[in-house]
Amino acid sequence: MSSAEVATNSIDPPAKKRKIATGETTPANSVSKANSVMANNGSVVSNQDIDEGLYSRQLYVLGHDAMRRMATSDVLISGLGGLGVEIAKNVILSGVKSVTLHDEFLCTFSDLSSQFYLTKDCIGKNRAEVSCQYLAELNNYVPTRAYTGPLTDDFVKGFSVVVLTNSSFDEKRRISEVTHASNIKLIIASTRGVFAQVFCDFGKDFVVVDTNGENPVSAMIANVSKDEEGVVACLDDARHGLESDDYVTFTEVQGMTELNNCEPIKIKVLGPYTFSIGKTCEFTEYIRGGIVHQVKMPKTLHFQSFVESLADPKVMITNFAKFDQPKQLHIAFAALETYMKDKGKLPRPWNNEDAETFRSYCEKSLPDFKDAPELDATLIEKFAKTCRGNLNPLNAFIGGVVAQEVMKACSGKFHPVDQYLYFDAIECLPEEDISEDDCVVKNSRYDGQTVVFGHQLQKKLGSLKYFVVGAGAIGCELLKNFAMLGIGADGGEVTVTDMDLIEKSNLNRQFLFRPHDVQKSKSLTASKAVRRMNPYMNIVPHENRVGPESEKIYDDNFFEKLDGVANALDNVDARIYMDRRCVYYRKPLLESGTLGTKGNTQVVVPFLTESYSSSQDPPEKSIPICTLRNFPNAIEHTLQWARDAFEGIFKQSAENAAQYLNDPNFIERTLRLPGVQPVEVLESLKLALVDERPHSMEDCVSWARNYWQEQYCNQIRQLLYNFPPDQVTTSGQPFWSGPKRCPVALTFDVNEPLHLDYIVAAANLKAEVYGIPQIRDREVIASMVKEVVVPEFTPKSGVKIAVNDAQLMPNGSGGGPVDHDKIGQLQHELPTQQELSGLCITPLEFEKDDDNNLHMDFIVAASNLRAANYNIPPADRHKSKLIAGKIIPAIATTTSVVAGLICLELIKLAQGKKDINDFRNGFVNLSLPLFCFSEPIAAPKLKYYEKEWTLWDRFEVKGEMTLQEFIDYFKNEHGLEITMLSQGVCMLYAFFMPPVKLQDRINLPMSEVVRKVSKKKIEPHVRALVFELCCNDKDGNDVEVPYVRYTLP
């Protein structure tokens, strides 16, 4: 056992969160010593708060409880090849208690294909020891150690979760017996060429606390029947979202109060608005109201041991188009273990003799399996010919899947793989077999790839020119994969652009960045990191936003030299813009995105598939204005109301005032606004500069206290004056019922923490806007607020309050008569800019991730006070930040998965594949887990006359022509009568255009028409204009036609 070594490479966390040092400064030289060091690792972390600044996006995926359970779990990862390092990266980023990296193998050239922390200088060195120092830097909170000795039974028993990626069959069997008997979670994973296997054994009784991670649904009740099988009917404004066998409980039910806070009841769904809950005939009669809440119930799973599962495996389907392949691959992976034991090596790449021998091994093993299928000779042959391969994209995909399984094993959050998962990417393989000469090993860093795809494809990959848009989470993973694949490393080029700077919250999943990189450029930092992974990669970083403003840079010359674009964006508008650019330049687009454990990939192939913009998600459902103003019934409503209040008070009003101070023409421009907008702007100016302008912190506190009174007391009293609690509608139903919750006015209490929270935040933000020194001492603010005199309020008659948005429409459009007298009066009451000299007003931009700026403090307090008005359960800061900040939950595992999948599509594009059936769009949900793959949708075909066209087609017209010549050209050459012609948002020609206007431009060159109508010059970099046409055919029928690319002379 003297060969065992444990190398310590943990990095001290920031101040106040440092772990207790073990005092270990030299490598351990025995298993027992390794265990003693492990026992002390992270002993403090379980008692510490979770670093929400670092883990914020992941917390929205897993939750605090799961993260705390993970922080008590020691993980062993054995085998630090390409797959092992992917798993280790994701597990360390996730925040477990500790990670031990085990490997007894030395680095070879083949490892360099996908082990991104190994270089040529590492050849002959232990893979775990070399990788450890880099992996340890990923997360200061996770002690990470290398161990190079044997995996003895006692050593294995020191861990909560064990992952094996490079073990022999005999070692897998031995360790699996230890883990199963000791209730240690075991995951076995392997990638062979384009094939992968994952096995999970989480013990005899593994409890899943939340199978899918979705937020529990709730719905408002319209009625509950009193019956042997009681039926609950929900309000028909939204589906209840429940499924049969879900469990629910109830609150706020009037009448049938036995349901309130009852033990969870199992339901049967009857329809989108109804479900049954069992016997209710002995309950009290239902009167009205009530909310049904879904209850997440734990689920216990029973796993077989590795040996028990071999003969009759439980297999997850990852591709329903390959329903029979998992059993074939189960046999192939098992036969490979026997082949390697007998031969001492893997089958030779693309060698027919070895492939035939391997097939015979599979045939001989069939009796070992229950209900063994007839062998698919072609699939088995491909397995044998490529199983020496070591492909980075596949390792990235499986590495993300396995790391998520580790997190499930540690936390009980989400449903684990039960028990085998098989995956293949045979569509990546060439249609014809590669010659053995083309895949001979050359001691190159790409050996792991060339044994699968050959040297010719590797040369092609090296010559590719790609544009990666975004260097965030997906961007980091893509760049790492590109470096391993050798994209742009042999005469090619990878350009990456991202205008953002690195933030602390990025470090949890954007693994190319370190704490010392915070506030540095993402693209520059990522480029340096991947150059270290592959020094031959030609990568050019930019810091530009993609959009019309950067078309001088990303012009015709730039796009025409590209082989493709890979999007790594976080917003739909930018995705649509890049999609349109790719369609225009006819370039392939690799599109991907994530949302928590969900991920999707799409490949867009010119002249073959539809584009990203061809199909889009429906827009988000907006909250009705009246619901926000007067009738909230959910915390989402109060949080949006609070966010709107922040924007109105501290940004929009302040922006108007700042412009008034700095722009002499502001009033003139304001008076040209339509409808009542001039009055609204001038009123906001008078409030900001006269009525509510503070001169001291006391003034800010006074304003905050009076504003509190107006929002949480006076407006509620007025609402209840208009609509008393016992108000009934014309149909005799209570007005305050269903989604309308009857509010109560709040009474200010300086000793109530929430009340004072609001005053402290609001007063200090007001002070910041006006440049007044802030005071954050709560006791000082409390003493100030006690001195504030609050005017008495009496509800007024004649005040109109809209009950629904339809009643708002007359005034909501900004129309109505202009009150010139009021405008004149407001102008007269405003101080001149000279009178306000010296005043500086700073509008506030909402920033959710700065815990010291008081923005979220205001939002949380404002929202929860309004929730108190309407008896809505409040939200803590964490949940409030998610909703008000519109945060997209994110986790490193999903990012790894989608980046791996999209790079498999890149390999197909590099091969020049043209059959749509070879490509795959994917959707994954790692929490279930669910994997769905399908061929891309073909580009829809349209037709005019007998000419078929798709979105990839266009008319090519070379200028210069006059407008008349352009119209005549389409009539004579294509038989099309142009009825309307536009460029961007500018209408250049229409059949109904007044003759005078038409005569003014009909004989002008097309470029001059564009300049004249748009009132903009054509930039020098623009080589062609895009025109949209509406046309009639010869019979006068309206026909859809492609756009026009008009090339300038």
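This is a predicted model: local features need pLDDT of at least 70, side-chain atom pairs count only at pLDDT 80 or more; totals for chains, interfaces and linings use all residues.
1. E960 sits in the loop between β29 (954-958) and α30 (963-974).

2. P929 belongs to the loop between β25 (921-925) and β26 (930-934).

3. E252 has a positive phi of about 65 degrees. Its place is the loop between β11 and β12. E252 is partly exposed, at 37% relative accessible area. D371 has a positive phi of about 55 degrees and lies in the loop between α10 and α11. D371 counts as exposed, because its relative accessibility is 58% and the cut-off is over 50%.

4. Next, the open sheet. Seven strands make it up, in the order β12-β11-β15-β9-β10-β14-β13, with antiparallel pairing. β12 (265-266) and β13 (268-271) each have a single partner strand, so one side of each lacks a neighbour in the sheet. Within it, β11 (residues 247-251) and β15 (residues 291-295) pair over five bridges. T249 stands opposite H293 in β15.

5. Helix α11 (residues 377-386) has buried residues L379, I380, F383, A384, K385 and T386. Their cover includes β6 (185-192), β7 (195-201), α9 (325-343), α10 (352-365) and α13 (447-463).

6. Helix α29 (residues 892-910) passes a length check: at 1.5 Å a residue, its 19 residues should span 27 Å, and its end C-alpha atoms are 27 Å apart. Of its 19 residues, 19 are buried. Just after α29, G912 takes a positive phi of about 80 degrees.

Notes
Residues are numbered from 1 along each chain as its sequence is written. Side-chain values use heavy atoms; hydrogens and water are left out. Buried means under 20% relative accessible area, exposed over 50%, partly exposed in between (1.4 Å probe, protein chains only). Helices (H or I, at least four residues) and strands (E, at least two) are DSSP runs, numbered from the N terminus. Contact means heavy atoms within 4.5 Å. Two strands pair if DSSP finds at least two bridges between them. The expected span of a helix is 1.5 Å times one less than its number of residues.
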